[in-house]
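Good morning, colleagues. Please look at the model on the screen while I go through two parts of it.

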Amino acid sequence: MNNDLSAAKKAAAIDELTGMMNDRSFRKEIARTLDNMDSDESGILIMMDGDHFKEVNDHYGHNMGDEVIKLSAQMIIGRIRTVDLASRLHGDEFAIFIANTQDYTVAQKIVGDINASLVSESARRHMPNITLSAGAVIVRRGSNYTQLAKVADAALYEAKSSHDGGFAHA
């Protein structure tokens with residue numbers, strides 16, 4: 001019975017399409033991380049949203065949209081370290097927590113690497129291309145995830161104005 005319960009808990013924490021953490025488990029893990037950070041530690045929360053994703057669904061159908069979401073998740077997971085966290089929040093929205101940095105150029109490089117790999121891999125697989133625009137905010141111990149997400153979302157809104165994998169930070 002305990003194995004069934006453990007499997008059910010794990011399934012409830014994972015996004016079914018991508019295998020990434022879902023929004024609820026990401027929020028929980030970020031809250032735990034924020035509580036356990038030392039006073040001199042920091043990280044960066046990155047909120048990401050697909051550019052032109054609606055057009056993929058409209059022109060190629062939702063099955064192809066799902067494939068693009070899965071590819072995006074693979075490219076995100078492949079560009080972060082094991083100490084970092086990544087989640088599919090919903091739709092074509094993702095979040096990443098980069099541990100042990102307050103350098104926005106690190107976050108911008110990761111986002112650039114994700115987008116470059118998305119472009120090359122989607123072409124190789126004969127899939128429609130999308131990029132992910134990103135907004136970032138520095139995270140410190142005791143920060144509130146909801147407030148951080150609002151700030152990162154505001155930066156994301158600014159980054160999305162170009163619809164080409166833009167990056168902005170608070």
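I begin with the contacts of Ala159: leaving aside residues up to four places away in sequence, Ala159 touches Ser133, Ala134, Gly166, Phe167 and Ala168, where contact means heavy atoms within 4.5 Å. This is a predicted model, in which local features need pLDDT of at least 70 and side-chain atom pairs count only at pLDDT 80 or more, while totals for chains, interfaces and linings use all residues. Residues are numbered from 1 along each chain as its sequence is written, and side-chain values use heavy atoms, with hydrogens and water left out.

Ala159 belongs to helix H6, residues 145–159; helices (H or I, at least four residues) and strands (E, at least two) are DSSP runs, numbered from the N terminus. Ala159 counts as buried because its relative accessibility is 5%, buried being under 20% relative accessible area with a 1.4 Å probe and protein chains only. Met47 lies 112 residues from Ala159 along the chain, and their C-alpha atoms are separated by 11 Å.

I turn now to the strands. Of the seven residues of strand E3, residues 93–99, six are buried. Strand E1, residues 42–51, runs antiparallel to E3 and is joined to it by seven bridges; two strands pair if DSSP finds at least two bridges between them. Asp49 has Glu93 in E3 as its bridge partner.

Strand E2, residues 85–90, also pairs with E3 in the antiparallel sense, over five bridges, and Arg88 stands opposite Phe94 in E3. What do E2 and E3 form? They form a hairpin with two residues between them, and Gly91 in the turn has a positive phi of about 50 degrees.

How values were computed. Buried < 20%, exposed > 50% of the residue type's maximum accessible area, 1.4 Å probe, protein only.
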